[in-house]
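Please walk through this structure with the sequence at hand. The text below moves from a helix to charged pairs, then to aromatic rings and a loop residue.

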Amino acid sequence: MKGLLFISHQTARYSTLDSIQLALEGGCKQIQLRMKDTPREEIIKTAKTALELCKTYNAELFINDDVSVCKEIKATGVHLGKKDLPPSQAREILSKGSIIGGTANTWEDVLYLQEEGVDYIGLGPYQYTTTKKDLAPMLGLDGYKRILSLAHNNEIEIPILAIGGITAEDIPKLLELGISGIALSSSILKAENPIKETQKIIRIIQKTKK
């Protein structure tokens, strides 16, 4: 996984599906449906609509946490938190070719996820974010630099995405460290024009990665 991953989020201004629509209109091709503390029936209903939206824009849909939802609606893949089902077990449940990502906050987490055979790692948080409860210790640039250096020295080539409180201004310095992509939510939805903000972020990523 590379580039921009948008994580859906409900705000006072936008519904979860609104947020996905805005990101897609802005050109984002990777969407993660995240609906914490929501009944499964509602997640399934929203996920099915989100999947159709993603198909319309030739984008991929990933489900946060719930392997069963991912399997039922045939999403592209699933992102698993540290307290969710182990990735290796999720691999046994999902269809061949499903993309599985995992959350990491430490070097030990990265090693564990490598052993579990994930396709990408969401490493964070970069800094404070209001969209996640029970926030793990913030890494900052120094934390990313240290973990990415260890990954390089140990020949770990799994794509690593930066996540957690990231703004457009933070992206170039993170990518220059060797991050494969950026996961965002609030910085897009808090913008005056989320579609234009998404376009701007994609341009920054493409320009920096050249």
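Which residues in helix α1 (residues 16-25) are buried? They are Thr16, Ser19, Ile20, Leu22, Ala23 and Leu24. This is a predicted model, and what follows should be read with that in mind. After α1 comes glycine 27, which has a positive phi near 105°.

Next come the charged side chains. Side chains of opposite charge can pair when their charged atoms come close. A search of the whole structure finds six salt bridges. Among them is the one between aspartate 65 and lysine 36, where the closest N and O atoms are 2.4 Å apart. Aspartate 65 is partly exposed because its relative accessible area is 21%, and the cut-off for buried is under 20%. Lysine 36 is also partly exposed, with a relative accessible area of 41%.

Another of the six joins glutamate 72 to arginine 40, with the closest N and O atoms 3.1 Å apart. Here the partners are in helices: glutamate 72 belongs to α3 and arginine 40 to α2, so the pair ties together parts that are 32 residues apart in sequence. Glutamate 72 has a relative accessible area of 43% and is therefore partly exposed. Arginine 40, at 34% relative accessibility, also counts as partly exposed.

A further salt bridge connects arginine 91 and aspartate 119, and its closest N and O atoms are 3.1 Å apart. This pair links distant parts of the chain, 28 residues apart: arginine 91 is in helix α4 (residues 87-93), while aspartate 119 is in the loop between α5 (107-116) and β6 (120-123). Arginine 91 is partly exposed at a relative accessible area of 32%, and aspartate 119 is partly exposed at 31%.

Helix α5 also holds glutamate 115. At 67% relative accessibility, glutamate 115 counts as exposed, because the cut-off for that class is over 50%. Glutamate 115 and arginine 203 are separated by 88 residues in sequence and by 34 Å in space, C-alpha to C-alpha.

How many aromatic pairs does the structure hold? There are two. In one, the ring centres of phenylalanine 62 and tyrosine 120 are 6.3 Å apart and the planes stand at 80°, so the pair is edge-to-face. Phenylalanine 62 lies in strand β3 and tyrosine 120 in strand β6, so the pair ties together parts that are 58 residues apart in sequence. Both phenylalanine 62 and tyrosine 120 are buried.

In the other pair, tyrosine 126 and tyrosine 144 have ring centres 6.0 Å apart and planes at 50°, so the pair is tilted. Tyrosine 126 is in the loop between β6 and α6 (140-153), and tyrosine 144 is in helix α6, 18 residues apart. Tyrosine 126 is buried, with a relative accessible area of 7%, and tyrosine 144 is buried at 0%.

Leaving aside neighbours within four places in sequence, aspartate 170 is in contact with Tyr126, Gln127 and Gly165. Aspartate 170 lies in the loop between β7 (160-163) and α7 (171-176). Is aspartate 170 buried or exposed? Aspartate 170 is buried, because its relative accessible area is 7% and the cut-off is under 20%.

Note on methods. Residues are numbered from 1 along each chain as its sequence is written. This is a predicted model: local features need pLDDT of at least 70, side-chain atom pairs count only at pLDDT 80 or more; totals for chains, interfaces and linings use all residues. Side-chain values use heavy atoms; hydrogens and water are left out. Helices (H or I, at least four residues) and strands (E, at least two) are DSSP runs, numbered from the N terminus. Buried means under 20% relative accessible area, exposed over 50%, partly exposed in between (1.4 Å probe, protein chains only). Contact means heavy atoms within 4.5 Å. A salt bridge is a side-chain nitrogen of Lys or Arg within 4 Å of a carboxyl oxygen of Asp or Glu. Rings of Phe, Tyr and Trp (its six-membered ring) pair if their centres lie within 6.5 Å; planes under 30 degrees apart count as stacked, over 60 as edge-to-face and the rest as tilted.
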